[in-house]
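Hello,

I am passing a structure on to you today, and I hope you enjoy looking through it. Below it you will find my notes on what turned up.

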Amino acid sequence: CCPADGGAARPGRLRQSLRPPMARGPRPRAPPMRAEGDGARRMGEGFGEASVVAALEAMRRGEMVLVTDDEDRENEGDLIMAAEHATADNMAFMIRHTSGVICVAIDEDRAEELRLPPMVGRNEDPKGTAFTVSVDARRDTTTGISAADRAETLRQLADPATVAEDLLRPGHIFPLKARKHGVLARQGHTEAALDMCRLAGLKPAGVLCEVTSADGKSMARMPELLRFAEEHALVITTIADLVAYRLRHDTLVERVGTPARMPTRFGTFEAHAFRSITDNMEHIALVKGRPWEQEQPLLVRVHSECCTGDVFGSLRCDCGTQLEAALRLIEEEGAGCLLYLRGQEGRGIGLAHKIRAYALQDKGRDTVQANEDLGLPVDSRDYGVGAQILRMLGVKNMRLMTNNPAKYTGLSGYGLSITERVPCVTAVTAENLSYLRTKQQKMGHWLPPGLDDAVVKLSQQNGAPAGENGKRDSPALELANARRLIAAQEAELRDVRAELARLRNVAAGRANGAKSTVIKAPSAGHTHPGPGMRNGASG
């Protein structure tokens, strides 16, 4: 939630092996971690719903809990407790074992009531943490920095009777505005703290701060966080567990009408319409082969709306190519789902901003720099709604078609099991080569090995680094190279299709009582596991 740079302890400060001051009585121990090898959690895996239930019970008793996020996000653990239960003792414990930057999560309406504007006009925090101006309680405090003073400020922030005039600005407590709909809208510790207070039936103000390592020089990571929870008898859970808990108990999506037959040039699908109740945005899913076998991983593509690429066939991106390839692959397999999420144009910045970003790219900026120049996030998409739609459609286990690691981890964090990542076919042209290279180098996208060869070839032909503005020797040569690369990718796609056909034959043989056949995994050239995947599998 807070800047990791603030995690270093004051020189000479030592971690004390004291349990946090809590209510008397037995404390549940940290749940055992389901993991392998060195004890690290597998991507998207947590401790289960029981850990959330135990954490909520602990918070009702006035205790603090330890909440971790995904390894691909901050990979940190925060101590979280209800602000109404803040005392000098538990604040002293929190300050001793954390960065010391004590934050409190509140909702936007409460921030407005207390007249707490954003800390800065332009938020440049990589995770978009919504800091407001810092505060101290005007009454019953001295300098505001002591554990007792900070506890008093936190209790007053939790008190609905507190008004704006009761607070001094600036101060030593840092309020954070949580996103509406909590961890289902943003998987951050800010939202987790507020959600947990509400789910526990407590006042909507959650205290949070990141745990530092034993030497105070860096943030604590797994498995150190597990040892910390064990040492201090803290209940530990994860944001992924909290998301899964809310998805099982909350509904943010509704079906619209009844399914309809949708014939396309790729095949005939069944169209399902949905509406998100959080923003009234409508989405569509094209499915095939229902009812699906629940235990059989389903081929799934979650596609973000791209008007320029999907509708107008823009060559500046590869979205239209990926959309068409996904529909073809689902048709050939005979079963699958393509979920088309609207409202995500330009990785979430909107159509007009996307065109503005294109204008900057025409002047030499890449796709990441252009967004940053406009003061916009590089990628603000969230997959919570998409995950809930997939669950409503009955998808549990899936083979996800994507080149985007953020989409992979985002969906897995919402309780869906991804057994394999299926690479998306990408058409590389002179128009989109710089765009693809930027996504690969700056956003970690998985792209075909042939992309590097294309970069070198076009760079040699242009006499300038590929992707930069420079004089091109021959557009015909560029086109010929692009066509050769596309032909190579089409050959790879044919291999993938052949493998799918073989798998269908194996499945059909089993259904007919044929002798069991061992299914070999696709070769490394066809499937490129991402981080956290072992032989194409994810926990």
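One term before we start: contact here means that heavy atoms lie within 4.5 Å. Please also keep in mind that this is a predicted model.

With that in hand, have a look at helix α6, residues 224-231. Its buried residues are Glu 224, Leu 225, Leu 226, Phe 228 and Ala 229. What covers them? The cover for the buried residues of α6 includes β1 (65-68), β2 (77-82), α2 (88-97) and β7 (236-238). After α6 comes Ala 233, which has a positive phi, near 55°.

Next, the sheet. Seen in order, the strands run β8-β9-β10-β12-β11-β13-β14, making an open sheet of 7 strands with mixed pairing. β8 (253-263) and β14 are the edge strands, each pairing on one side only. On average, and with direction ignored, neighbouring strands of this sheet are turned by 25° against each other. Helix α13 (residues 384-392) packs on the sheet, where it touches β8, β9 (268-276), β10 (282-288), β11, β12 (336-341) and β13. The direction of α13 makes about 145° with that of β12.

Strand β13 deserves a visit of its own. It spans residues 397-401 and is mostly covered, with 5 of its 5 residues buried. Which residues lie on each face? Asn 397, Arg 399 and Met 401 are on one side, Met 398 and Leu 400 are on the other, and both faces are covered.

β13 also has a partner on each of these two strands:

- β11 (residues 298-304) pairs with β13 in the parallel sense over 3 bridges, and Val 300 has Leu 400 of β13 as its bridge partner.
- β14 (residues 417-422) runs parallel to β13 and is joined to it by 5 bridges, with Met 398 standing opposite Ile 418 of β14.

Finally, there is a helix pair to look at. Helix α1 (residues 49-60) packs against helix α7 (residues 239-249) at an angle of about 95°, and their axes are 8 Å apart. The two helices, α1 and α7, are therefore roughly perpendicular to each other. Where they meet, α1 brings Glu 49, Ser 51, Val 52, Val 53 and Leu 56, while α7 brings Asp 241, Leu 242, Tyr 245, Arg 248 and His 249. How do the residues of this contact divide by type? In the contact of α1 with α7 there are 5 nonpolar, 2 polar and 3 charged residues.

Happy exploring, and best wishes

How values were computed. Residues numbered from 1 in each chain as written. Predicted model: local features only at pLDDT ≥ 70, side-chain atom pairs only at ≥ 80, totals over all residues. Heavy atoms only, no water. Buried < 20%, exposed > 50% of the residue type's maximum accessible area, 1.4 Å probe, protein only. Helix = DSSP H or I, 4+ residues; strand = E, 2+ residues; numbered from the N terminus. Pairing = 2+ DSSP bridges. Axes fitted to C-alpha atoms, helices over the stretch in contact; angles between N-to-C directions. Parallel < 35°, antiparallel > 145°, perpendicular 65-115°, else oblique. Nonpolar A, V, L, I, M, F, W, Y, C, P; charged D, E, K, R; others polar.
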